[in-house]
Each structure stands twice: as structure tokens, then as C-alpha cells.
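Please look over the sequence and the model below before reading on.

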Amino acid sequence: MRHARLFSALLCIGFLGLLPAGASTLVTGNGFGFAVVSPQTAALISFYAHPYAFTRPDPNDCLSEGFPTADFIRSLGWGSGTATNASADYVDDSQIIRVRSSDGEGDFFMPFGLRQTALIIDWQPAAGSTSQSGWSVAWRHPVRSQREVRIADTSVEVLQFNGIHESLVLIPLDPVQRPAAPEQNVLAGSRAWAILSLEKDENLMQAVQEFDNWRAGLGAQELVQREIAELEQWRVKPTVHFASDKERHLWRQSEVLLRMAQSREPNRPGRYNNGLIVASLPGGLWFTPWVRDMAWASVALARMGHQQEARAALLAYFNAQPTGKMRAETADADYQISVVRYFGDGSEEPFFTEEGSTNIEYDDWGEALWVLGEYLQQTHDTALLRM
């Protein structure tokens, strides 16, 4: 059973358990992208430009996984990577990941309040440390160009990479910066950064201005506290009784994981994926929207009381396109909901077998109807039926 379906099903049927926090990598996301952190090294090991593994189909290979989502970072950590006693955990059952090592502690998180693929990083050196260490990064792709751009009162670095359509925008958040040595990367010059993924260079000014408005002049640690407070406002009061603090912790963390797993990218011509939910977080094998797994996650959201997210998931079933690719296998009947899963752009991916052939999962249509019934039972939102 895929682990996304597992934690969704646990919420649905009320059976709660708890996995060790350090059992695997930790993921932060905000519906626009994902970042992955290793507890073993206290370093970030992936930063995805979008909230899914594959952006769109490959017209030259209809049975392939399609074009992969850009992953910018191989490793991003403080210092030379020789620190000891590394660990990582979520802060207050949020998407904020706090890492610790002998060098100090830091935070990685992608903010829900910002409608961009944005990663906030911050480091506090250990007390009494005299180390001149800074952020050390290994990019997954060679840097093609790097330039400094000044927008209003903000000076940013824009990086472009070989073979990657998106660019990275680096915005320093630490008011006290030290110049990076020529042989160092630019991230070594500040303790705190915002890292934005930019789809089109012409949107650079707008992206930076939107970030500045969201930031509202706050420092990195203030942003962490504001994010936690806003997340607590988003939560709904549980309708179940928890037998222990561990059960309450699992509920709260799963609540946030489900939120991270749902695409918040707006629909636009050529991309209709708003509300789709991936079957697992990265770097799981099922890091893509799957009809059946999404049904379990959507019912979990509806039963928890997150009406807005459950509604978005339902609408995603009916807005995703193009679908109907397997009409030869459905007696030439047209259909809207994919017979298997979706590419990141919302188009149907009617295949997933190890043999590399097409696949049909007719039961997912029934599960989508189950989601609709559960949603209406929980919310009485009959207006949805008239859209």
C-alpha cells in the first residue's frame, strides 16, 4: 500500500499510530513546490520547482513518465558537511523543518501564505562558535549564468542552469551579511535566504515584489513564528478523541502533510492541475497525482473539516484536462476522470505498469463518486453540483 494512501486511510477510519520522526527524509512544501531534508546530514537534498514529479507528457514517447520537474539542489547545508550529531524534525507539527548539528541549528520551510515556489532557510550558529562557516551548496545542474538585479530596495541574485527552464532567485534575509569569497557560492554571504523558483524571467519584478509584501520586513525567525501562528488558524478542531499525545501529534502532522500534497498552482491555458493531490511526497515512487490515492486523501480532508481543500480536490477531478485518451478501451465512451493518474499539468496519464504499457483502473471512477458523496455529507455544499 502506498504510504500516502496509508496515512489518509488512517485518518478516515480513525486508527492512529506513530512512526519515528527520524525514520526517513522530511519534506516541506506549500502547494507550489517541495523541498526534502535529510535528518542524517541536517542538509536539504532536493528543491522542486513544482509540486509533482513530472510536468507534462513527452509527445515523442507516449508511454514515458514525461518531462521531469526541475530539482535544483543536490545538497544545501551549513558548513563543510563535517558537523556531527545531526538531526531534523518538524516544528509544532508544521511544515517547518528544524535541523540541528554540532554547528548550530537552522530552519527550512516553504510558506503557505506565499503563492510562489519559495523556500526560506535560516541558520543560528552554536553558542560561542567562532567558525566562519556559511551555507554550502551543490547544485544538481551546472550554473549557466548568474547576475545581480536590484528591484526597489532589494538586491537579488538570479541563477540560470543548463537544461532547466526555470530560474532561481536568491534574496538575502539577514541584515548583517559578510561578502562571499570569490571561490564560494553566493549563499555563503548570509545566514538567512529566500530562494524562489521563477518560471519566466519577465515575472522577476512581480515575484520579488510579492515576496517583499508577504515578508512585511520580518526577519527569518519572525517569519517562522508567523507561519506557525497562521497554520494554527488554518487548522480545524478535531471531532475525534485522542487517547494520547502521540495520536494528537499524528493527526496534526498528517493534517499538514495532506495540505502540502495538494497543488495550489492556479489553472491556466495548458495547465489544469489546481487541487490535484500527489500519492506521496518526494522522493517517494508515487510522487504524482493518482485518482485512487487522491480519493482517500480528499475524504480525509472532508472528514477532518477542511472544506476548502476537499472542494478543490473534487473540482480538480472535473477540471483536469485533456482526458479521455483511452476511449478505445471504454467502448468509445468519452470520460472526464483519468483511468489511472495525471501528469503535473493535469493531462491524463493512462499508464503505469512496470512493463511500460497502458493501464485501466475502472474502480477509480467509483472512488471519485465516493469522494463526492462524502464531501456533500460533510459540507452540504450542493452548490458544487450546479457548477
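The structure holds 15 aromatic pairs, where rings of Phe, Tyr and Trp (its six-membered ring) pair if their centres lie within 6.5 Å. This is a predicted model, in which local features need pLDDT of at least 70, side-chain atom pairs count only at pLDDT 80 or more, and totals for chains, interfaces and linings use all residues. Residues are numbered from 1 along each chain as its sequence is written, and side-chain values use heavy atoms, with hydrogens and water left out.

**Aromatic rings**

- The rings of W78 and W123 have centres 5.8 Å apart and planes at 5°, so this pair is stacked (planes under 30 degrees apart; over 60 is edge-to-face and the rest tilted).
- W78 counts as buried at 11% relative accessibility, where buried means under 20% relative accessible area, exposed over 50% and partly exposed in between (1.4 Å probe, protein chains only), and W123 is buried at 1%.
- The rings of W286 and W290, with centres 5.3 Å apart and planes at 75°, form an edge-to-face pair.
- F47, F72, W139 and F161 form one aromatic cluster.
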